[in-house]
Amino acid sequence: MSDQIKHECGIALIRLLKPLSYYKKKYGTWRYGLNKLYLLMEKQHNRGQDGAGMVCVKDHLSPGSTYMNRYRSIDQNPILDVFDKVNKPLKKAQRKGIDVENCDWAYENYPFAGELYLGHLRYGTFGKNSIDFVHPVMRQNNWKSRNLVLAGNFNLTNTDELFKVLIELGQHPKAYTDTVTALEKVGHFLDEENQLLFRKYKNEGYRNNEISPLIEKNLDIQNILERATKDWDGGYAMAGLIGHGDAFVVRDPWGIRPAHYYQDDEIVVVASERPVIQTVMNVSWEKVHEITPGEALIIKKKGNVSRQMIRVPHKKSSCSFERIYFSRGSDRNIYRERKELGRLLSPAILETINYDFENTVFSYIPNTSETAFYGMIEGIREYLTDWKIERLKEGNGKLTNDEIKKIISFEPRVEKIAIKDVKLRTFIADDAHRDDLVAHVYDVTYGVVKNKVDTLVVIDDSIVRGTTLKNSILRILDRLHPKKIIVVSSAPQIRYPDCYGIDMAQLDKFIAFNATIELLKDQGKEHIIEEVYRKCKDQENLPKEEMVNYVREIYRSFTPEQISAKIAEVLKPEDCEAEVEIVYQSIENLHKACPNDTGDWYFTGNYPTPGGNRVVNASFINYMEGKNERAY
């Protein structure tokens, strides 16, 4: 993606089902689980580079020993920083001559030798990137079964409502965030479940020291999660550990955020993405399962694994942006879907270039759009195959060998035009000098475009803000002196804010929205903007369930093609000599390519939860009132 947008987040959970000595004997080290956690996190670094953290829980240490240990980091390379810290005690012990591969020594003395591991990666949203916002987060207590650790890929749209509930319960949450709110909500019902069981066993005559193991054995995780998530509005895949050794992963009933797991007799592994588990565990596609919407994967201390329904599933609205961009393209289905997104664009592209293959160069903007590029070229070659057949038929057997060869060998001109300078991108952090530096993020291949003759077609997976296009890519491509530059987006126009995980909360950050506002002003239709604002204000204090997405009316006066033309006009740099045209994917083709992941609210405004309508309402009000605030 040429625009940098950020995504929350990645989770990795490991539950070892055998003693550490088993892994030492079979795999040569007791660090089998720890090593797998590192790989799961590293393979998901695309999901979060602003912070990382991990927790280890030991389930059978003697009282007086620390059984939960955590490291978190917001270092420039947080995963490496976390595991450097994790390994530091082992290196120190080795220098003292201790056999760190001794399982008994490790379990008793090394903080990160245990049965349960939970790792997390995050992007900071709205500038909130202090260590306090890095997962896993903890709620501690002297009773093991009341200790709670959470890490999630989630955003809740109704944090304000949930926060008020906590206040009414008599709590005093330490921060007004959905992370703290979720932690305290689950923690409250974990406490209630503990108290209920304590009274039950006390009434049955058990002594206090006998009751704790009974509570740990019979804690009803399903009941806790059912009660805690009852009023949650948003997308979430949330993993949790309880101090005595139980673990769970719960997914929202709309299936907005992804979660997958693998289980055998040695280990249970959970991660946000399927191919990550495939790679790390070296297992086939069909052995990695999706946690279904509304379901929780529950792992008890004894190793029993079950799947329990927590919330009644709604119509599945899995995030289509996961398919287009965020998830790793090595997933079998995602790879096919991205190719299909490109292939379905080929008719519109051919029409745009007026079928002039001789004077058109096809390329892509690295790197995530490469798969869609392959699909686009496949679609173009399908057209050319039919074209070749017709030319041969027209020849009616009278063509010479050279003429036949020329027809058969005719191919689209495919070149690698843009090359991303990754090191430079990581250096660009100073806003004051960003515009000057961003122009050099990409290098181009000179000498393959005919000056003032060729059309250059480049495909990107999405165009969100258009900032990098305007300030960098179009300027750099123009140095090749094409007659025309056509930028193709394998995603439709992004028109509405996201509130379920992606850092896209402000309407005026979207080039499609800004271009449409300009069109309304150009045509003297400012009254539509004011009418939408009035409608949004009128329902500002309504319950979220009664709110309507009136922002759709902003786009109603124009076709997608008209908006695309305005986007091209807005994004074209003043010093760009080439013509510029933008071609977007259609909503219809998006659903053809990704039929099982229908969450398209950023494109259509069809939010799966009531909280989505409240967010888009607040976002438009913020825009009109000039407030630079997050809409939820």
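**Exercise 1.** Over the ring of which residue does the charged end of Arg 332 sit?

*Solution.* Start with the rule: a charge sits over a ring if NZ of Lys or CZ of Arg is within 6 Å of the ring centre and within 35 degrees of the ring normal. The ring here belongs to Trp 285, and the charged end of Arg 332 is 3.6 Å from its centre. Now try another case: Lys 18 lies over the face of Tyr 22, 5.5 Å from the ring centre.

Before going on, note that this is a predicted model, where local features need pLDDT of at least 70, side-chain atom pairs count only at pLDDT 80 or more, and totals for chains, interfaces and linings use all residues. Residues are numbered from 1 along each chain as its sequence is written, and side-chain values use heavy atoms, leaving out hydrogens and water.

**Exercise 2.** Classify the aromatic pair of Tyr 22 and Tyr 23.

*Solution.* Rings of Phe, Tyr and Trp (its six-membered ring) pair if their centres lie within 6.5 Å; planes under 30 degrees apart are stacked, over 60 edge-to-face, and the rest tilted. The whole structure holds 25 aromatic pairs. For Tyr 22 and Tyr 23, the centres are 5.2 Å apart and the planes make 80 degrees, giving an edge-to-face pair.

**Exercise 3.** Is Tyr 23 buried or exposed?

*Solution.* Buried means under 20% relative accessible area, exposed over 50%, partly exposed in between (1.4 Å probe, protein chains only). Tyr 23 has 0%, so this residue is buried.
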